[in-house]
Amino acid sequence: MADAGTEILTDGFHLIIDALKLNDITTIYNVPGIPITDLGRYMQAEGMRVLSFRHEQNAGYAAAIAGFLTKKPGVCMTVSAPGFLNGLTALAHATTNCFPMILISGSSEREIVDLQQGDYEEMDQLAIAKPLCKAAYRVLCAEDIGIGIARAIRSAVSGRPGGVYLDLPAKLIGQTMDADAGEKSLVKVIDAAPRQLPSPESVARALDVIKSAERPLIILGKGAAYAQADDEIRAFVEKSGMPYLPMSMAKGLLPDTHSQSAGPARSLVLKEADVVVMIGARLNWLLSHGKGKSWGDKPKKFVQIDIEPKEIDSNVQIVAPLVGDIGSCVSALLKSMGDKWPTPPTDWTEAVSSKKEANVKRMAPKLQNNNIPMDYHGALGVLRTIVKERPDIILVNEGANTLDIARSVIDMYKPRKRLDVGTWGVMGIGMGQAIGAAVETGCPVLAIEGDSAFGFSGMEVETICRYNLPICIVVFNNGGIYRGSDVNPTGGLDVAPTVFVKDARYDKMMEAFGGVGVNAISPDTLARAVNEALDSGKPTLVNAVIDEKAGTESGRIGNLNPQSVISKK
Ligand code: ADP
Ligand code: TPW
Ligand code: MG
């Protein structure tokens, strides 16, 4: 506050800070520069946590995962045009994944931008952001900062959560106004994500369909993990007695070792189920759009719980939609189920259990192999044991083979402990998510990274060391994308497009900034290094040397690659 004659003044800087703090937003993920450098400084001076990254995309991924983990919008702050565009990928990712996030970018002067007169970092950011997020707003007057931030928060978290862009021109940040009027202009958002109750008819309809099932299945998606209705979901699954399949980031909502988990019998349950209850999961590509070969040829009825009415019937008919928030919908189902709900036919639950046991048994010896160089299963076998022994750690996971095999091999035991590439299968979320998760939860993080995947955000190891975060990165170094063994068919000088430098030592990147680096060529060394890292909480990078021939093309989604009819190696 400044004293101008008799009037006490405040300014854009302080109104932004006061508005965020009033709404319990106290952590900012950012990259400084004109016009937001001082904003970050003042934020820190006012007691906010301001974490600076090496690239806005990673700051954005940290903010997005903060939103997923806390149900409050994660905030990323960037400079204009290039910084804004770098952050925008993460904002679009947040929207695609239904995570609440706010991207705040400084922008150039409207008068110059709109006449296209070539201002410093000139860009019509609002127009560019609009199609890529849930909502986009620009604040032009200091007295609107309070309402602008309130709108951004409510838009991000209410209904289906998503990304919101907030454009703050440099001139606004420096604007002054009467401090008293400024304080009065701030808005505290009341009940930012109101409960949305399902209609009683929709509850009765859903239970009728579920009751009629002979081979029912529940699919839990990351919306169910986000909802933080863990007790209700567990009670519903257990009371219904139905087998359930967790989508990747819903693993651990109930422990993967739960007797009703159908994870290891995925193909069987998708093909055979006659009634499928979707809870916070979309019938998108990850579930083959609810039709086709992986769903078999038996008729299916879908029940779907989602907060977004437009999601219903997106790919196939939903015979019993339940539109509302997951906590309210699942509670309503539970209440109407009463005390004597019939369990599914035992021939179905037993068929699922025996398929599951057979698959688990078949996998067990692979996970115990001690091959050198390691294969995926040998290395993941030891990490699987570590996660079992330390169920509170948060697992971040990206890559192709490194992702797909880790997802199926590593059991999760608690909700919201598995974070990964999400709906787009995007590479580059790794370090942003690891940092966001460590900062928001204080839990140790184990990031299992393909060597290609890691490269997208690898420079953030400096950020991890700078803030001394309890993050252990394991780089699955197979020397390339999918495999390190491809060759250039022409015999020319360039290596194949999927191949990296041989025998690279990613561990030295961590050492460069004062963290611990370990080169692990055997499962034993890998286990020791990861356990030490998790015990000490020191930033650590383990370079896990993986057989360059062990992976397969595109991991488990090679079928999505187009095929040339002219030539195929
Ligand atoms: P997955 O990838 O795990 O299958 P998706 O991201 O496809 O999950 O689906 C998540 C769904 O959950 C979205 O359709 C979203 O609208 C819904 N959702 C998110 N939060 C809630 C909530 N609190 N209540 C109900 N539905 C929710
Ligand atoms: C933003 C395409 C999918 S998986 C992958 C790429 C580049 C890397 C796979 O290699 P990695 O794993 O990580 O070494 P592994 O174990 O199989 O060797 N750009 C973006 N997102 C995606 N998904 C890609 C490219 C891709
Ligand atoms: Mg690789």
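# A tour of patches, a metal site and salt bridges

Select Trp285, Leu286, Ile557 and Leu560: together they make a nonpolar surface patch of about 340 Å². The model you have open is a predicted one. Leu560 counts as exposed because its relative accessible area is 54%, and the cut-off for exposed is over 50%.

Next, stay in that segment and select Arg556, which is also found after strand E20 (540–545). Is Arg556 buried or exposed, or in between? Its relative accessibility is 48%, so Arg556 counts as partly exposed.

Now go to the magnesium ion (ligand 3). Which protein atoms are its donors? They are Asp451 (OD), Asn478 (OD1) and Gly480 (O), lying 2.1 Å from the ion. Along the chain, these donors follow the spacing D-x26-N-x1-G. Asp451 belongs to helix H19 (residues 451–455), while Gly480 is in the loop between strand E18 (471–477) and helix H21 (507–511), so this pair ties together parts that are 29 residues apart in sequence. Colour the two by accessibility: Asp451 is buried, at 3% relative accessible area, and Gly480 is buried with a relative accessibility of 3%.

Then turn to the salt bridges. How many are there? The count comes to 22 salt bridges.

- Select Arg110 and Asp124, whose side chains meet in a salt bridge at 3.9 Å, N to O. Arg110 is in helix H5 (residues 110–114) and Asp124 in the loop between H5 and helix H6 (125–129), 14 residues apart. Arg110 is buried, with a relative accessible area of 11%, whereas Asp124 is partly exposed, at 32%.
- Select Arg390 and Asp535, which form a salt bridge with their closest N and O atoms 2.9 Å apart. This pair links distant parts of the chain, 145 residues apart: Arg390 is in the loop between helix H16 (376–389) and strand E15 (394–398), and Asp535 is in helix H22 (residues 523–536). Asp535 is exposed, with a relative accessible area of 59%.
- Select Asp420 and Arg418, another salt bridge, where the closest N and O atoms are 3.0 Å apart. Both residues, Asp420 and Arg418, are buried.

For the last stop, select Arg54, Glu462 and Arg466, which are linked in a network of salt bridges.

Definitions and conventions: Residues are numbered from 1 along each chain as its sequence is written. Chains are lettered from A and ligands numbered from 1 in the order in which they are written. This is a predicted model: local features need pLDDT of at least 70, side-chain atom pairs count only at pLDDT 80 or more; totals for chains, interfaces and linings use all residues. Side-chain values use heavy atoms; hydrogens and water are left out. Helices (H or I, at least four residues) and strands (E, at least two) are DSSP runs, numbered from the N terminus. Buried means under 20% relative accessible area, exposed over 50%, partly exposed in between (1.4 Å probe, protein chains only). Donors are N, O and S atoms within 2.8 Å of the metal (3.2 Å for Na, K and Ca); water is not among the atoms, so sites may look incomplete. Patches are made of residues with over 30% relative accessible area and no salt bridge: like charges are joined within 9 Å, nonpolar side chains (Val, Leu, Ile, Met, Phe, Trp, Tyr) within 5 Å. Accessible areas come from the Shrake-Rupley method with a 1.4 Å probe; for residues, only the protein chains shown count as cover. A salt bridge is a side-chain nitrogen of Lys or Arg within 4 Å of a carboxyl oxygen of Asp or Glu.
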